[in-house]
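Colleague: I would like to learn how to read a structure like this one. Could you walk me through a few features?

Modeller: Gladly; let us look together.

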Amino acid sequence: MINCKKNKFSVVTSKKILNKNNSYDAILVGAGIMSGTLALLITEILPEIKILIIEKLNKPGSESTGAFNNAGTGHAANCELNYTPLDENGNLQIDKALSINRSFENSMSLWASLYATGKIDIKKFLKFIPHISFVTGTEDISFLKKRFKAMSEYQEFADMEFSSSFNQIKCWAPLITNNRNPLDKVAATRIKRGTDINFEALTKEYLNYISNNKNVEICYNTELIDLKKIDRKQWKLKVRSLDREVSLITSYVFLGAGGKTINFLQKSKIPEAKIYGGFPVSGKWLICEEKSLTEKHNAKVYGKADIGSPPMSVPHLDTRWIEGKKFLLYGPFAGFTTKFLKKGSYFDLFSSIKKNNLFSMLDVGIKNNDLINYLFSQSLKSHNSRVENLRNMMPSAEPSNWYLENAGQRVQIIKKTKDGGSLQFGTEIVNSGDGSLSALLGASPGASTAVSIMIEVLKKSCLFNSDKFDLEKKLSYLLYESESKNESDNNFLEIIKKRNNSILGFHP
Ligand SMILES: Cc1cc2nc3c(=O)[nH]c(=O)nc-3n(C[C@H](O)[C@H](O)[C@H](O)COP(=O)(O)OP(=O)(O)OC[C@H]3O[C@@H](n4cnc5c(N)ncnc54)[C@H](O)[C@@H]3O)c2cc1C
């Protein structure tokens, strides 16, 4: 038996005993933003479903979702230059940026619906803050200009501003220009409607709200050990809590265990799992709490990644609001460890190497030797050399104002290909053919697009089999799509943005 709390994090409202062979309609593994979002969607559209969320740690959102473990950027592709690469003919690719922007608007729509009905409090996790891209030098300035021209033609980015004036950029983000030579060639774009999101606080908001539903149970200090399909319709999960082990039965499993998902996906033995492996990348931030500096910076400023560095190490100087306090974060500096979670084990990587993926993992290791060297060299950097790197963006930075903190752990996807393996930097949902299990692999663009990703997970799950038309209708109502569906594409987006701005408090 396991002590299962209907938990409001610090306040335990009731205690329930989880019995051997307890049975659920759905068990969600991990209490990060992904499981939190899926649980919220299920309770909103299928409130009669009996859900159990199990979390290894003693509170939600403490791994990658933790406030200091990620950058808190509401990724809408406003400023992240790696979302708009150039193809081999020098043409700008903006499809990814458009799709991320739409996905993030879905997140905004859901939050607006929940806030308007008093279910969550957006002030606990969302701040509007301009998103800026900043570059130096002729080549990067011409890239930024090209990007601005292409993107600002679309409704999604119509409010993007471009400037190559030192004084204008000084006005947008003075820490970027302080101590910089005014004759330097610089350029920036800005979108005022950017966001800083505390995804840990958001997860808590979701879980707080859904724990009012009697069909939802959340168990902390409870760890998935193993899982097995026992018949055509059911899974048996072995879980451990406070040294006790019990088996639970469920018709649907969501593996939202962050970096550890790959290990459980392999244990599930679904055929779809065979082509995957994982490659861990750790990160570190420089953090500043010095008021004279935090007060001067009100933006997220993204630069260009160093040549040869992986896309997730694009440097950015961010304003962060965490529990009412303002911080500056710079990074991430990448690093390498064999752990799949920040609080994971050094054996994580080795235990994920199987007969099926050995060749693809070795192949990726050999092909990405430069990346591995880059990660090692980044881990060995001294404090002063990290601040030296920060000076590319903030020339006046002083080592004494900044300290180093570990960020969350990312596990990039390794996928088997015809001629070996490929390393991927996106997110991927893996579903069992019968819709009884889904798993989320990968890292980027991550938490910002959790709503769109989890809608896809839900639609492919066996939970969505009942009255599809009715469920689609409920989803589209939650996202405010039904009210504007007869409009043209541009009008549709404008109506949604206007509605979200007015509820969430953004005044253009
Ligand atoms: C350095 C960094 C910067 C990032 N920046 C951004 C950003 O700016 N914007 C953005 O949108 N995204 C960002 N991301 C990505 C984002 O943080 C992740 O996509 C998101 O938090 C993943 O959420 P999750 O719920 O899948 O995983 P997690 O938050 O890692 O949650 C997984 C949970 O599962 C639990 N768990 C693990 N094993 C078990 C088990 N056996 N049994 C029970 N529970 C278990 C863990 O304890 C954890 O609580 C960043 C990530 C990193 C690492």
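Modeller: Let us begin with the ligand: among the 40 residues around the ligand, G30, G32, E63, G258 and G446 come nearest. A residue is near a molecule if its C-beta atom, placed from the backbone, lies within 6 Å of it. This is a predicted model, where local features need pLDDT of at least 70, side-chain atom pairs count only at pLDDT 80 or more, and totals for chains, interfaces and linings use all residues. Residues are numbered from 1 along each chain as its sequence is written.

Colleague: Which helix gives the largest share of the shell around the ligand?

Modeller: Helices (H or I, at least four residues) and strands (E, at least two) are DSSP runs, numbered from the N terminus. Here helix 1 gives the largest share, three residues. Helix 1 (33–45) and strand 11 (222–229) each supply at least two residues of that shell.

Colleague: How many residues of the shell are nonpolar, polar and charged?

Modeller: Ala, Val, Leu, Ile, Met, Phe, Trp, Tyr, Cys and Pro count as nonpolar, Asp, Glu, Lys and Arg as charged, and the others, Gly among them, as polar. The shell around the ligand has 17 nonpolar, 17 polar and six charged residues.

Colleague: Which residues of helix 11 are buried?

Modeller: A residue is buried if 20 or more other C-beta atoms lie within 10 Å of its own, exposed if 12 or fewer, and partly exposed in between, with C-beta atoms placed from the backbone. In helix 11 (residues 369–379), the buried ones are L371, L375 and Q378. Down the axis of helix 11 they fall within an arc of 65° (taken from the directions from the helix axis to the C-beta atoms), so they line one face of the helix. The face turned away from this buried side carries the exposed residues N369, D370, N373, F376 and S377.

Colleague: What do the buried residues of helix 11 pack against?

Modeller: Two residues are in contact if their C-beta atoms, placed from the backbone, lie within 7 Å. The buried residues of helix 11 pack against strand 14 and strand 17 (325–335).

Colleague: And where does I275 lie?

Modeller: I275 is in the loop between helix 7 (261–268) and strand 14 (276–288). I275 counts as partly exposed because it has 16 C-beta neighbours inside 10 Å. Leaving out residues up to four places away in sequence, I275 touches K415 and K416.
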